Amino acid sequence: LNRRLAEFGTTIFAEMSALALSTGSINLGQGFPDTDGPEVIREAAVRALRDGRGNQYPPGPGIPELRTAIAAHQERRYGLTYAPDTEVLVTAGATEAIAATLLALLEPGDEVIALEPYYDSYAACIAMAGGTRVPVTLRPHEETRDGVVHRRFRLDLDELRDAVTDNTRLLLINTPHNPTGTVLTRAELTAIAELAVERDLLVVTDEVYEHLVFGEAEHIPLATLPGMRGRTVTIGSAGKSFSFTGWKVGWVTASPELVTAVRSAKQFLTYVSSGPFQYAVAEALALPDTYFQAFGADMLAKRDLLSAGLTEAGFKVFQPAGTYFVTTDIRPLGENDGFAFCRALPERAGVVAIPNAVFYDHREAGAPFVRFAFCKKTSVLEEAVSRLKTLA
Ligand code: PMP
Ligand code: GLN
């Protein structure tokens, strides 16, 4: 293994899912739903396969039907207009979108500012592109309003500003944020946008959890902010929005120049992405808003169930405003090492979780935090909670 990749080893998701299997534990580690997406969309994939649509190499940028559907979805939901032919690119999941974007845009030595904790592929892709990651840490914050404690990980705008140097090439943003569940506010996004304009930076924004936003939180695409449309690469995924993580259909929307750049890298990574699923995802993106509302409401109920259960079990819970993950602080349980805690958890309670420290360069800042996924059946979450209550 070369020096660029040597530090990465096996992804925590593979390690923890293997541990769940070998110990027969409930897997609240890797983020994948245990209920597949809509049946009509599965049927659409079967029809495409049977009718011979997409069984041979589809067009490099993605089939026109899907590119048109992605553009229509961005316009309908956010008022963002993208030309399907020049400003949309279909990728093999958001994972390839991230890789192709970073490989296309970075020169060796370029600095990339990423919000820490960051999704693990960011660090590896920055490294493969020869870039240098500069983490800006989201800080745990707690306040009481109307007698209710609100906790979130928030962006320190001064830290972000101070992280920019003459070598900074791009900001890599993720909202709603994995693993903390933070949804960046308009004020935070405005500050990011102003900084990007002032320092003439590109912004890559991973918005795969755009449809998983709860309560009063609102998903605001960075590309909608002043000065951002032309300098922003936005990334989405059917895996997250339609509960088909195995299909690996993702996409990029950006200016023609940026999409052309990303496509240059993509054509030599996978060349094209899987054909029949593209036809099905085109139909999924056109589902009525009632689908997205029902999906969000279902996940909201699951969030509340797991958050309440974890609180009862003695964890300090950061109630997420978005995503299907809840980050907890394990110190009230008398623990402070999330790695050790997660390695022992299958044996102690028959549950698998993810230590947030793997998403940090400043490992000590992430040490006491542990992430649980709630994209699971209610009965599974209830059983997990009852097992976790035995820890206290
Ligand atoms: N970005 C984030 C923040 C994610 O959590 C994930 C996967 N869970 C991805 C990207 C990758 O998405 P995909 O499965 O579409 O490759
Ligand atoms: N994104 C999912 C998570 O955060 C897992 C993706 C993966 O296994 N690489 O859990």
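Predicted model: local features only at pLDDT ≥ 70, side-chain atom pairs only at ≥ 80, totals over all residues.
The strands under discussion belong to an open sheet of four, ordered β11-β12-β15-β14, in which the pairing is antiparallel. At the edges are β11 (316-318) and β14 (354-355), each of which pairs on one side only. Three bridges connect β11 to β12, residues 325-329, in the antiparallel sense. Within this pairing, F318 has T327 in β12 as its bridge partner.

## The seven-stranded sheet

A second open sheet has seven strands with mixed pairing, in the order β2-β10-β9-β8-β7-β3-β4. Strands β2 (88-91) and β4 (132-137) stand at the edges with a single partner strand each, so one side of each has no neighbour in the sheet. From one strand to the next, the twist averages 20°.

The partner of β2 is β10, residues 250-253; the two pair antiparallel over four bridges. Here V90 stands opposite W251 in β10. Helix α9, residues 256-269, packs on the sheet and touches β2, β9 (232-237) and β10. The angle between the direction of α9 and that of β2 is about 25°.

## The β5-β6 hairpin

Strands β5 (residues 139-145) and β6 (residues 148-154) run antiparallel and are joined by seven bridges. R139 stands opposite R154 in β6. The hairpin has two residues between its strands, and D146 takes a positive phi near 50°.

## Packing of α3 on α10

Two packed helices are described by the angle between their axes and the distance between the axes. For helix α3 (residues 64-78) and helix α10 (residues 275-285), the axes come within 8 Å and cross at roughly 25°. Angles under 35 degrees count as roughly parallel, and α3 and α10 are therefore roughly parallel to each other. The crossing of α3 past α10 is left-handed.

On the α3 side, the contact is formed by E65, L66, A69, I70 and H73. These meet Q278, Y279, V281, A282 and L285 in α10. By class, the contact of α3 with α10 consists of seven nonpolar, two polar and one charged residues.

## Surroundings of ligand 2

The residues surrounding ligand 2 are T11, F13, Q30, G31 and N178. Four residues of this shell are polar and one is nonpolar, while no charged residues are present.

Notes:
Residues numbered from 1 in each chain as written. Chains lettered and ligands numbered in written order. Axes fitted to C-alpha atoms, helices over the stretch in contact; angles between N-to-C directions. Parallel < 35°, antiparallel > 145°, perpendicular 65-115°, else oblique. Left-handed = near helix turned anticlockwise from the far one by under 90°. Contact = placed C-beta atoms within 7 Å. Nonpolar A, V, L, I, M, F, W, Y, C, P; charged D, E, K, R; others polar. Pairing = 2+ DSSP bridges. Near = placed C-beta within 6 Å.
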